[in-house]
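Dear colleague,

I am handing over the structure that we talked about, and below it you will find what came out of going through it. Please read the notes with the structure open beside them.

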Amino acid sequence: MHGRPRKATKQEDPAAAAAKSARLRELQSQLLHFHHNRIYTKEAVSVSSKLLEINPEIYTGWNYRKLAFQHNLKEVSDTDTIKSAIEDELRMVEVALRRNPKSYGAWYHRKWILGQKLVPANFDHEFRLLDMLLEADARNFHGWNYRRFIARLKDVSEEEELKFTMDMINANFSNYSAWHNRSMLLSKLLTKKVKGFHEEESILTDEFELVRQALFTDPSDQSGWFYHLWLLDQTSTPHKPHLVSSWPSDKLNIEISSQFKEKCERFPIIFCFNQQVDGINLATATVNSKLVSSEHITWKPLSANNSTKSKIWVAFLENFNKYCENSEEGLSFEISVHCCESIVHLKFAMKLSHMDHQGKNRDGFEELFLWDCPKSQEINPYLVSSDQWRLRVESVEEDAKWHLDTLSAEIALFKMSECDEDSKFVKLTLARLLGAHNSIKSGGSSYFEEILKLYDDLIKLDAPHYRYYRDERSLVLLDQLTSSKDSLVEYSSRCENSSFSCINPQLCINFSGLNLTRIGFVERLLWVQILDLSHNSLTSISGLEALQLLVCLNLSHNQIMSFTAVEPIKSLQSLKVLDLSFNEIGSHPVDTTRYLCSSPLSHTCDVPEAMEELAKENIQIGDFWEAILLFKSLRLVQLDMQGNPVTNDRFRVLVEKVNPCLKWLDGKPVC
Amino acid sequence: MAEIPTSDYPTIDPTSFDLIVSGTGLSASLLAAAASVAGKSVLHIDPNSFYGSHFSSLPLPSFLSYISSASSSPNLYSDVETSSESLPEPSRSFLVDLVGPRLLYCSDETVDLLLRSGASHHVEFKSVDSSLVYWDGKLCSVPDSRQAIFKDKSLGLAEKSQMMKFFKLVQSHIALTRSGTTVESGEEAGVMIPEEDLEMPFVEFLKKQRLPPKIRALVLYAIAMADYEQDNGDSCKMVVSTREGIETISLYTSSIGRFANAIGAFIYPMYGHGELPQAFCRCAAVKGALYVLRMPVIDILTDMESNKYIGVRLASGQEIFSSQLVLDPSYEIPASLSPRENIVSSNLSSYVARGVCITNRSLELNSANILLVFPPKSLHQEQLTAVRALQISANVAVCPSGFFIVHLSTPCEDAALGKEYITSAMKALFNSRELPAESVEAQTKEEGESVEAPTQEEGETKPTLLWSCAFVQELREASYDGAASICPMPDANLDFRNILSTTRKLFQNMYPGEEFIPQNSAPDNIDDDADEGSPE
């Protein structure tokens with residue numbers, strides 16, 4: 001039990017222990033015999049009882065009992081017989097639970113028996129049992145879980161159960177299970193708008209008041225903080241998903257370079273939502289354009305695990321330059337997105353530009369691309385409109401008054417207690433509150449500097465969790481940098497190279513050397529084509545998959561440990577230049593994340609033909625298949641891999657084989 | 001009581017004992033029990049017809065006549081004042097403690113002694129349900145535990161956190177002191193209060209912990225049970241040191257949860273505190289002590305030559321001899337015995353003002369037995385001592401159901417001032433019965449005009465006082481002169497700890513080298529803690 005030292009198991013007399021284990025083995029083999037031969041006689045079942053009484057963890061024993069129960073009651077209609085059979089099972093489970101109150105198998109068996117609903121359950125007995133259990137250990141989550149089950153079965157009202165959680169919290173507020181159940185019940189009551197729970201805001205205000213009592217009485221107790229986090233989430237996260245940004249953004253006029261050598265066949269349209277949504281399709285996202293009909297458009301969620309839900313949805317206009325060439329005045333598009341009872345309309349236009357940009361590298365990749373795009377003070381044409389989604393949030397700010405007031409009150413409160421206390425919970429909660437406030441109210445007096453300082457403090461104060469704090473800090477920093485045009489201008493520049501992309505000029509963002517450990521706020525960077533993330537501390541780049549316009553990506557001098565960690569770039573179809581130099585790819589012999597990703601073994605992808613060739617070159621493809629799968633899905637022209645443990649001559653041969661378009665490898669031309 | 005015919009006195013045989021004890025107060029009874037346990041032959045007599053002397057619990061009429069009786073001289077009780085002549089009926093069903101308000105900590109030594117001597121078989125206890133403090137003209141619960149602080153409605157958030165931090169410091173100190181380890185640096189073993197802090201006044205230590213005035217008052221008066229205003233610096237009569245304060249808190253916290261069926265830290269004996277001396281008398285009797293009630297000592301016998309004590313003459317005329325004598329503080333040494341002045345003048349140290357109230361409604365909803373503290377200055381600016389009150393109910397069998405007895409006390413040097421505190425505390429708690437019409441009128445006015453005066457929560461009115469009594473009791477200290485001891489009077493404290501340590505000292509003077517009720521002196525080896533609180 002929590003906070004109580006575990007009692008050392010009593011030293012058993014070796015002879016007794018041996019006898020016990022012999023008995024267990026004997027019972028177990030008997031049980032398996034009965035189980036395999038489907039013997040469900042009284043004597044056979046009693047063997048399973050004996051076994052489970054000694055060790056309730058034998059799941060097979062419970063399964064056998066379920067089969068026996070079903071078998072023996074198959075043709076019985078006499079209520080008394082059924083009743084006594086159920087009572088036997090429940091008694092058996094009770095004995096097992098006394099032996100181990102946290103036995104999953106035993107709890108599940110009890111639920112299964114009652115869930116059959118063969119006879120009305122004796123709820124009084126069940127609640128008495130629960131009271132006894134929760135008295136012994138008020139935080140036993142099995143008990144709470146079972147209580148929810150019984151309450152549902154008996155149809156106990158949520159208000160009543162809510163009162164019970166209050167009693168338990170009043171008895172001891174260090175009860176995470178009670179707080180958790182409270183949050184579950186309140187969520188239900190608020191969604192159902194049960195009488196007395198119409199006014200979400202006043203209910204949540206009361207809950208804030210309640211949890212404050214716990215937080216201030218004992219700030220070192222975690223359970224209250226978890227509940228506070230839930231309340232904060234209720235206060236700062238909009239309930240319904242909405243569109244936060246798109247590419248192209250509303251009212252954008254895109255110039256398509258006519259000098260683009262390569263056939264630019266696919267033009268991406270990207271939607272970013274504030275939370276995962278599904279069901280974006282031709283019916284919910286309608287495209288209105290003179291020349292392009294909806295049939296040419298397929299919406300796809302961008303997700304790592306083939307989920308149908310995603311925050312980011314992409315569609316490609318196929319063969320769009322063909323249309324552009326055909327229409328002198330340009331193409332205009334109107335898109336309407338229906339999502340959760342709200343409709344967003346977008347308008348944008350494309351025009352073929354015959355203007356000759358003063359591009360230096362008109363001949364494309366005949367020269368090595370160097371990461372020194374000239375800094376531009378010129379206003380980025382896309383930056384202006386990238387802010388438009390925020391305006392939409394401003395418009396709901398009237399409704400957000402309570403949310404802002406509540407957050408401000410909490411902020412004031414925790415600032416007060418932060419002064420005289422070096423509590424990590426206070427600091428973390430304050431950082432989260434300030435972040436939530438920022439997310440609702442943009443501009444004006446943003447709390448970025450304060451939040452960054454709090455995370456800096458936390459990294460020092462709570463070293464064991466520094467990775468989490470660094471990740472959070474990275475997000476805050478990215479939020480700050482991308483929050484306004486003025487701050488972003490500092491990091492942006494432009495590059496004109498018509499062989500990179502048909503969208504000219506290419507816009508660059510340089511976020512190098514910022515000590516970033518993860519990526520966020522990509523929804524504000526959808527227009528970026530050249531991104532420099534070098535000299536950070538990135539171990540993962542998840543989120544980058546949203547940047548569908550990316551042509552050049554610099555990830556050098558980071559802490560990327562494996563090819564699976566850069567898997568998000570697989571979906572970046574326009575990517576031409578990739579710098580992965582000076583990372584730690586290959587430093588760890590076993591890539592522990594590989595099992596989460598697709599592999600040739602999982603039959604989700606074809607074995608590249610190149611593999612056979614590689615085998616001839618005496619290269620163990622088994623060692624490199626993550627790299628092979630990655631490069632195979634890209635059409636890279638320039639790649640830098642030096643300074644990684646994985647890099648050697650054989651690897652270079654492999655890279656050249658699987659990247660047929662490659663012109664430059666590690667700064668040298670590929671012959 | 002004293003008018004029992006001489007012929008009725010029994011003859012006592014034998015006529016010589018190791019120890020004669022006159023008076024059956026708690027201290028005297030403990031001495032009788034301890035001496036019996038140590039194998040001494042003991043004669044224990046009492047001039048009264050009941051056990052307990054000044055520690056007794058008496059039916060209301062007897063209580064009144066006891067404290068008003070001119071016969072109880074030297075005059076230990078004075079300034080007796082009652083609200084009315086007519087007593088609430090049935091008046092004999094109200095059992096009033098002479099020592100009230102008083103409680104036992106579950107972990108205090110008195111409880112240990114009860115268990116050790118087997119006296120616990122003769123007493124049954126009930127828990128005190130709640131602990132209140134009078135602050136800002138209102139009754140608030142004393143946030144004495146983590147959970148109580150969480151639930152408390154009157155403390156601010158910052159106050160809660162400060163109070164909890166202080167408790168954690170004290171708990172860590174107590175834990176380390178108990179385990180006997182010195183502070184190991186580097187380890188997360190906790191913090192100990194440094195030695196120099198333990199010596200400083202507790203109030204200064206609380207200030208050093210940056211506790212606000214309200215919390216300081218709560219800790220000092222409602223938890224550490226300080227009697228005198230501690231903020232006065234040097235002029236304070238009894239400064240509680242940090243060490244003492246921490247000790248009381250330690251006792252308090254170890255009391256919570258000692259007995260599974262006790263709710264908080266305090267317990268109260270069924271049928272009143274008079275049961276305690278009686279229980280110890282029973283232990284003494286089991287060990288062979290001889291008991292005779294209604295038997296006054298009329299003279300003390302001394303050796304003609306050495307002028308040393310040799311025995312007593314009883315009211316029956318019989319002379320009984322012993323080497324040691326224990327006397328009740330109320331025993332008036334006959335004038336004939338003037339040389340023994342040191343016995344006569346058992347030192348008068350100061351006074352304690354006490355009050356007894358009878359009401360028919362509880363001070364707090366859903367609580368029957370309540371401890372209540374008025375910290376200094378909470379009643380008025382000049383109040384220098386804390387006033388403590390204890391409400392007890394029918395569930396401890398001291399009054400008919402539906403009634404409540406409230407005991408109050410405060411130490412004082414000036415009898416009038418002490419009584420004034422007691423009466424103002426009564427006024428703060430109750431509506432007086434004399435002016436029912438006016439008070440109702442006054443209240444309706446208040447409600448109507450919604451004046452700033454703090455009205456009772458949710459329009460609740462105060463309980464009405466049915467009957468009350470206030471009196472002043474002298475505090476006499478114990479004394480010992482080699483053969484005769486005088487027991488102490490009930491003190492102004494909430495518990496019996498001081499009485500007990502004085503008694504222990506008296507015993508050690510009488511019988512140096514003998515252990516004071518050693519472990520396992522209970523007649524039968526019944527498992528000690530198990531029967532606590534169970535019916536007799």
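Throughout this message, contact means heavy atoms within 4.5 Å. With that in mind, Gln213(A) touches Phe150(B), Asp152(B), Leu157(B) and Lys160(B), if residues up to four places away in sequence are not counted.

Before going further, please note that this is a predicted model, in which local features need pLDDT of at least 70 and side-chain atom pairs count only at pLDDT 80 or more, while totals for chains, interfaces and linings use all residues. Residues are numbered from 1 along each chain as its sequence is written, chains are lettered from A and ligands numbered from 1 in the order in which they are written, and side-chain values use heavy atoms, with hydrogens and water left out.

To stay with Gln213(A), this residue sits in helix α10 of chain A (helices, H or I, of at least four residues and strands, E, of at least two are DSSP runs, numbered from the N terminus). Gln213(A) counts as buried because its relative accessibility is 11%, where buried means under 20% relative accessible area, exposed over 50%, and partly exposed in between, with a 1.4 Å probe and protein chains only. Its side chain makes a polar contact of 2.4 Å with the side chain of Lys160(B) and another, of 2.9 Å, with that of Glu209(A). A polar contact is a pair of N or O atoms within 3.5 Å; within protein, one must be able to donate a hydrogen and the other to accept it, and residues adjacent in sequence count only if both atoms are side-chain atoms.

As for the interface as a whole, 20 residues of chain A are in contact with 14 residues of chain B, and the two chains bury about 1,400 Å² between them, 54% of it on carbon and sulfur atoms. Buried area here is the accessible area (1.4 Å probe) that two parts lose on being put together, summed over both. Between chain A and chain B there are three salt bridges, a salt bridge being a side-chain nitrogen of Lys or Arg within 4 Å of a carboxyl oxygen of Asp or Glu; one of them joins Asp218(A) and Lys168(B), at 2.5 Å from N to O. The interface also holds 11 residue pairs in polar contact, both at pLDDT 80 or more. On the side of chain A, α8 (158-171), α10 (200-217) and α15 (401-419) are the elements that give two or more residues, and the largest share, six residues, comes from α10(A).

Turning to chain B, it has 14 helices and 21 strands, and buried residues make up 55% of its 536 residues. Chain B is divided into domain 1 (15-56 + 272-347 + 478-533), domain 2 (67-97 + 125-141 + 350-476) and domain 3 (145-180 + 188-255), with bounds that come from an automatic or database domain assignment. Domain 1 and domain 2 of chain B bury about 1,600 Å² between them, 53% of it on carbon and sulfur atoms; in domain 1, Met489(B), Ala492(B) and Leu494(B) lose the most area to domain 2, together 32% of what that side buries. Between these two domains of chain B the count of salt bridges is zero, whereas seven residue pairs are in polar contact, both at pLDDT 80 or more.

With best regards
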